[in-house]
Amino acid sequence: MTWEERLFDVLDDLEQQAEALYGAERSLELADRARAAYAEVSLASRLMAATGSQVRLEVRGVGALAGSLERVGQGWLLLRGPAQDWVVRTAALSAAHDLPERSVPEVAWPATARLGVGSALRRLADSGERGVLHLVDGSRHDGVPARVGADFVEVRAAGERVVLVALEALAAVQSRDEG
């Protein structure tokens, strides 16, 4: 083997080592970028991707709920169960099961998804339907949502007694099945 062939062999070996080092460094960089990008994914965006799917939720003060995820809004979701519907504040969620791997970024959400929980509660108040308001501490208020303020909902309970429930304390509103 001539000195030129040995030199080319050494240079080829160095080039292969450099390519291997670049590949390893690139893999680490891509993994780091993927972790950083995933850090921007919110629970709401994962829930939005599950719209129309069957999910299971664990809600503070309520327990386990299961049903079809019908709508996701700013700080709330609508879960259609077998016997009743639930308006759940996402702040009260402790766990969500059976969600797809993907997410939907907020810029791709429909305009109605930007409505807060107050809008959902106003709709319930307009319908005049009875419901059960579940609080994160496990207590409940049975009645008809009457009016919704900036940070509370007014509930007409039995005997026309009015109870104000702070939205921060609210975990979920369960439709009352009269049947």
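These legends accompany close-up views of one predicted model. Residues are numbered from 1 along each chain as its sequence is written, local features need pLDDT of at least 70, and side-chain atom pairs count only at pLDDT 80 or more. Totals for chains, interfaces and linings use all residues, while side-chain values use heavy atoms, with hydrogens and water left out.

View 1. Helices (H or I, at least four residues) and strands (E, at least two) are DSSP runs, numbered from the N terminus. The elements run α-α-β-β-β-β-β-α-β-β-β-β-β from that end. Of the 179 residues, 32% count as buried. Buried means under 20% relative accessible area, exposed over 50%, and partly exposed in between (1.4 Å probe, protein chains only). A contact means heavy atoms within 4.5 Å. Of the contacts between residues at least 6 apart in sequence, 53% join residues at least 24 apart.

**View 2. The largest pocket holds about 540 Å³ of space.** Rolling a probe the size of a water molecule over the atoms shows where empty space is left. On a 1 Å grid over the protein atoms alone, a pocket is an open set of points where a 1.4 Å probe fits, with protein on both sides within 12 Å along at least five of seven lines. Lining residues have an atom within 4 Å of a point. Grid points are joined across faces, edges and corners, and the volume is the space filled by probe spheres set on the points. The lining of this pocket numbers 21 residues, and Leu 78, Val 87, Ala 120, Arg 123 and Leu 124 lie nearest the centre. Strands E3 (76-80), E4 (85-89) and E10 (170-175) and helix H3 (117-127) each supply at least two lining residues. H3 gives the most, with five. By type, the lining divides into nine nonpolar, six polar and six charged residues. Here Ala, Val, Leu, Ile, Met, Phe, Trp, Tyr, Cys and Pro count as nonpolar, Asp, Glu, Lys and Arg as charged, and the others, Gly among them, as polar.

**View 3. Arg 56 and Asp 98 meet in a salt bridge.** Such a bridge is a side-chain nitrogen of Lys or Arg within 4 Å of a carboxyl oxygen of Asp or Glu. The count comes to six. In this pair, N to O is 3.2 Å. The bridge links distant parts of the chain: Arg 56 is in strand E1 (residues 54-59), and Asp 98 is in the loop between strand E5 (93-97) and H3, 42 residues apart. Arg 56 is partly exposed, at 40% relative accessible area.

**View 4. Arg 80 and Asp 85 form a salt bridge at 3.0 Å, N to O.** Arg 80 is partly exposed, at 39%. Asp 85 is also partly exposed, at 24%.

**View 5. Arg 156 forms a salt bridge with Glu 154.** The closest N and O atoms are 4.0 Å apart. Shared partners join Arg 147, Glu 154 and Arg 156 into one network. Glu 154 is buried, at 8%, whereas Arg 156 is partly exposed, at 32%.

**View 6. Trp 109 sits in the loop between E5 and H3.** Trp 109 is buried, with a relative accessible area of 6%. Beyond its neighbours within four places in sequence, Trp 109 contacts Ala 44, Ser 45, Met 48, Gln 74, Val 104 and Arg 114. A polar atom of the Trp 109 side chain lies 2.9 Å from the backbone oxygen of Val 104. The backbone oxygen of Pro 105 lies 3.4 Å from a polar atom of that side chain.

Conventions
A polar contact is a pair of N or O atoms within 3.5 Å; within protein, one must be able to donate a hydrogen and the other to accept it, and residues adjacent in sequence count only if both atoms are side-chain atoms.
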